[in-house]
Amino acid sequence: MSNATAASKTMARMIDVHHHIVPDEYVKALSRKGVTKALGVPLPKWNLETALEVMDGHDIETAIISISAPGVYFGRIDEPLAFARELSRQTNEVCAELIAKRPSRFGAFATLPLPDIDLALDELNYASDQLKLDGVVLLSNYDGYYLGDPKFEALYAELNRRKVTVFIHPSTPPGLDQSHLGLPEAMLDVCFDTTRTAFSLVVNGVMKRYPDIRFILAHAGGAVPYLAARVGLTATLLSNTRGIGPAIGDAAGFVSRIFPGLRGSMPDLLKYYINFKENVLPEGPDFYLGKFYYDTALSASPHAFASLLTIVDSSHILFGSDYVFATRAAVPLTVGGVNAHPAFGDVELAAIASKNAAHLFPRLAGLAN
């Protein structure tokens with residue numbers, strides 16, 4: 001590709017699938033619980049006028065807004081589930097009001113009061129049927145349970161029935177308080193938490209059982225693309241293993257399918273073997289990793305794209321800015337990083353800018369390039 005051709009490439013009329021709002025109501029609610037930071041950094045200030053200026057300045061036609069970590073659930077803080085339920089409802093209604101005022105400029109991912117599944121299902125019904133929000137945002141873990149855990153099964157059944165698009169945003173990893181690294185989790189740890197939850201969805205069979213859920217992974221999947229080959233090697237070793245170990249594992253898997261309650265009491269390695277055989281093989285992990293969508297937020301670099309393009313092509317990459325947590329100055333770096341990548345010509349850039357997102361969000365189909 002010539003320098004002139006490369007310089008002429010550009011995304012236009014983008015749909016930003018990773019765009020956060022931090023409403024005053026949300027900040028005040030968190031402050032009453034003593035929460036003033038998100039992923040180790042202070043909660044940023046957000047207002048509509050500045051957000052629209054940033055969008056207009058970089059040809060972002062529409063932003064699919066969401067609440068970032070720390071979300072609405074704070075573990076053992078007083079009345080956590082009642083607080084989560086009320087704050088989920090409040091933030092979802094704030095999003096709906098914004099969409100009502102500017103329907104072509106904003107969409108929204110609904111926040112659910114997890115880890116309570118019943119409350120989450122109620123809020124999903126309200127956000128989808130009454131507020132008409134465009135999808136759902138899930139954090140990478142709740143109380144240390146990653147998203148492939150069986151405790152979320154009823155939620156996935158309903159998300160699959162509704163064919164919902166789910167944006168997975170990283171959260172604080174469990175056990176971080178034992179670390180003395182001295183860096184905010186927003187710098188490194190969030191990438192690993194996305195990686196953990198993505199592989200949990202694959203290995204525990206969520207990707208296989210619920211093919212009508214469209215999952216978006218933030219930040220180009222964290223370390224998912226880089227580690228895909230390592231997991232693939234594990235799959236190969238398991239599929240080629242011979243001897244009494246696999247025979248016992250296969251027999252245990254057969255029995256546990258008849259008596260599902262037995263699996264919970266099995267040794268971890270045996271459960272892992274059974275899950276891998278049932279949920280990942282024979283297709284292999286790359287097959288299921290290729291079903292995820294990946295956004296460009298804070299990841300529009302040759303390093304990240306080199307790995308990402310080994311498991312998906314441009315049809316599964318979405319523009320994401322991570323504004324407002326990524327500052328106003330960071331947005332053009334993401335836009336420029338996507339435009340400059342030599343693997344992306346005009347067709348690929350059009351797909352990343354808006355066509356892929358329009359496929360996931362039919363309400364916005366008219367905005368696609």
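Student: What should I know about the model before we start?
Tutor: It is predicted, so local features need pLDDT of at least 70 and side-chain atom pairs count only at pLDDT 80 or more, while totals for chains, interfaces and linings use all residues. Residues are numbered from 1 along each chain as its sequence is written, and side-chain values use heavy atoms, with hydrogens and water left out.

Student: How many aromatic pairs does the structure hold?
Tutor: It holds 10 aromatic pairs, where rings of Phe, Tyr and Trp (its six-membered ring) pair if their centres lie within 6.5 Å, and planes under 30 degrees apart count as stacked, over 60 as edge-to-face and the rest as tilted. One of them is the tilted pair of Tyr 156 and Tyr 210, with 6.2 Å centre to centre and 40 degrees between the planes.

Student: Are those two buried or exposed?
Tutor: Both Tyr 156 and Tyr 210 are buried, meaning under 20% relative accessible area, with exposed over 50% and partly exposed in between (1.4 Å probe, protein chains only).

Student: Which cluster do they belong to?
Tutor: Ring pairs link Tyr 156 and Tyr 210 with Phe 215, Phe 292 and Tyr 294.

Student: New topic: why does Asp 134 count as buried?
Tutor: Asp 134 counts as buried because its relative accessibility is 16%.

Student: And which side chain does Asp 134 join by a polar contact?
Tutor: The side chain of Asp 134 joins that of Arg 363 at 3.0 Å; a polar contact is a pair of N or O atoms within 3.5 Å, and within protein one must be able to donate a hydrogen and the other to accept it, while residues adjacent in sequence count only if both atoms are side-chain atoms.
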